[in-house]
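Me: Hi! I've got a model open and would like to talk it through with you. Could you keep the answers plain?

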Amino acid sequence: MKAAMDGLGSHFLEEVRRQLRGYKRMAEGAIAQVTDEQLLITVDPESNSIAILIKHISGNMRSRFTDFLTSDGEKPDRHRDQEFELNGESPRDELLRWWEEGWACVFRTLDSLKPEDLMRTVYIRHEPHTVVQALNRALAHYASHIGQIVFLSKHLGTHNWRTLSVPRGKSEEYNRKMIEEKRRSGKGVSKEPAHKS
């Protein structure tokens, strides 16, 4: 039973890493398609710019994943409200430095976790979470903001947008290509038809 649970825990941790790597890659593919000026654009007074979203995600990551198992995820030196402000024009290289530092903190922590840690209790703003809950919370939070980054990047850079997923009108072609690659690699093909989204 323990071996099965450890296997499930290892699989869960690897899946969280896999999804986060995919979201990071997606956001970076979107960010690369906008100009430095477009990083700072807000579409209305209640919206965030891509730069602010980068700053917020990075600040959240640093706070949540530093000393993840031993201290509250809302660190005393985090000033969340300031993450939604830009003083002057933060250059792209500074934004990307914050971005990389945040992700490094996340992946360092994930690499240190073991299956037996998953049911431990951690705190976020003094609220108890299992490690599983805290990781799922982070995954959903980052996915929602990365969706915003992709939306804004596509909206702002629409004149020469390069898709980050299956191009419109190309689903059938993509599915056929994937099946052919699976056959060639010998990894087998699912007997169920591919679902269109």
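Predicted model: local features only at pLDDT ≥ 70, side-chain atom pairs only at ≥ 80, totals over all residues.

Me: Where does I41 lie, then?

Reply: I41 is in the loop between α1 (2-31) and α2.

Me: Does I41 count as buried, exposed or partly exposed, and why?

Reply: I41 counts as partly exposed, because its relative accessibility is 33%.

Me: And what separates the C-alpha atoms of I41 and L13?

Reply: Those two C-alpha atoms are separated by 36 Å, with I41 and L13 being 28 residues apart along the chain.

Me: OK, zooming out. How many helices and strands are in the protein chain?

Reply: The chain has five helices and two strands. Going along the sequence, the pattern reads α-α-α-β-β-α-α.

Me: What does the C-alpha trace span along its principal axes?

Reply: It spans about 55 × 50 × 25 Å. The protein chain has 197 residues, and buried ones make up 36% of them. As for contacts with a separation of 6 or more, 70% are between residues 24 or more positions apart.

Me: Back to the helices. At what angle do α2 and α4 pack?

Reply: Helix α2 (residues 50-65) and helix α4 (residues 131-156) pack at about 165 degrees, and their axes are 10 Å apart. The two are therefore roughly antiparallel to each other. The crossing of α2 past α4 is left-handed.

Me: Which residues meet there?

Reply: On the α2 side you'll find I50, L53, I54, H56, I57, N60, M61, R64 and F65. Their partners in α4 include L135, A138, H141, Y142, I149 and L156. By type, the residues of this α2 with α4 contact divide into 13 nonpolar, six polar and two charged.

Me: Nice. What about α2 and α3, how do their axes cross?

Reply: The axes of α2 and α3 cross at roughly 30 degrees and come within 8 Å. That makes α2 roughly parallel to α3. Here too there is a left-handed crossing, with α2 passing α3.

Me: And which residues meet in that one?

Reply: From α2 it's A51, I54, K55, I57, S58, M61, R62 and F65, and they meet L95, W98, W99, G102, W103, C105, V106 and T109 in α3. The α2 with α3 contact divides into eleven nonpolar, three polar and two charged residues.

Me: I can see several rings around there. How many aromatic pairs does the structure hold?

Reply: It holds four aromatic pairs. One of them is F65 with F68: the ring centres are 5.3 Å apart and the planes are at 5 degrees, so the pair is stacked. Both F65 and F68 are buried.

Me: What about W99 and W103, is that pair stacked or edge-to-face?

Reply: Edge-to-face, because the planes of W99 and W103 are at 65 degrees, with the ring centres 5.6 Å apart. The two lie in helix α3 (residues 92-112), four residues apart, which is about one turn of the helix.

Me: Last one: which residues do ring pairs link into a cluster?

Reply: That cluster is made of W99, W103, F107 and Y142.

Conventions:
Residues numbered from 1 in each chain as written. Heavy atoms only, no water. Axes fitted to C-alpha atoms, helices over the stretch in contact; angles between N-to-C directions. Parallel < 35°, antiparallel > 145°, perpendicular 65-115°, else oblique. Left-handed = near helix turned anticlockwise from the far one by under 90°. Contact = heavy atoms within 4.5 Å. Nonpolar A, V, L, I, M, F, W, Y, C, P; charged D, E, K, R; others polar. Phe/Tyr/Trp six-rings, centres within 6.5 Å; stacked < 30°, edge-to-face > 60°. Buried < 20%, exposed > 50% of the residue type's maximum accessible area, 1.4 Å probe, protein only.
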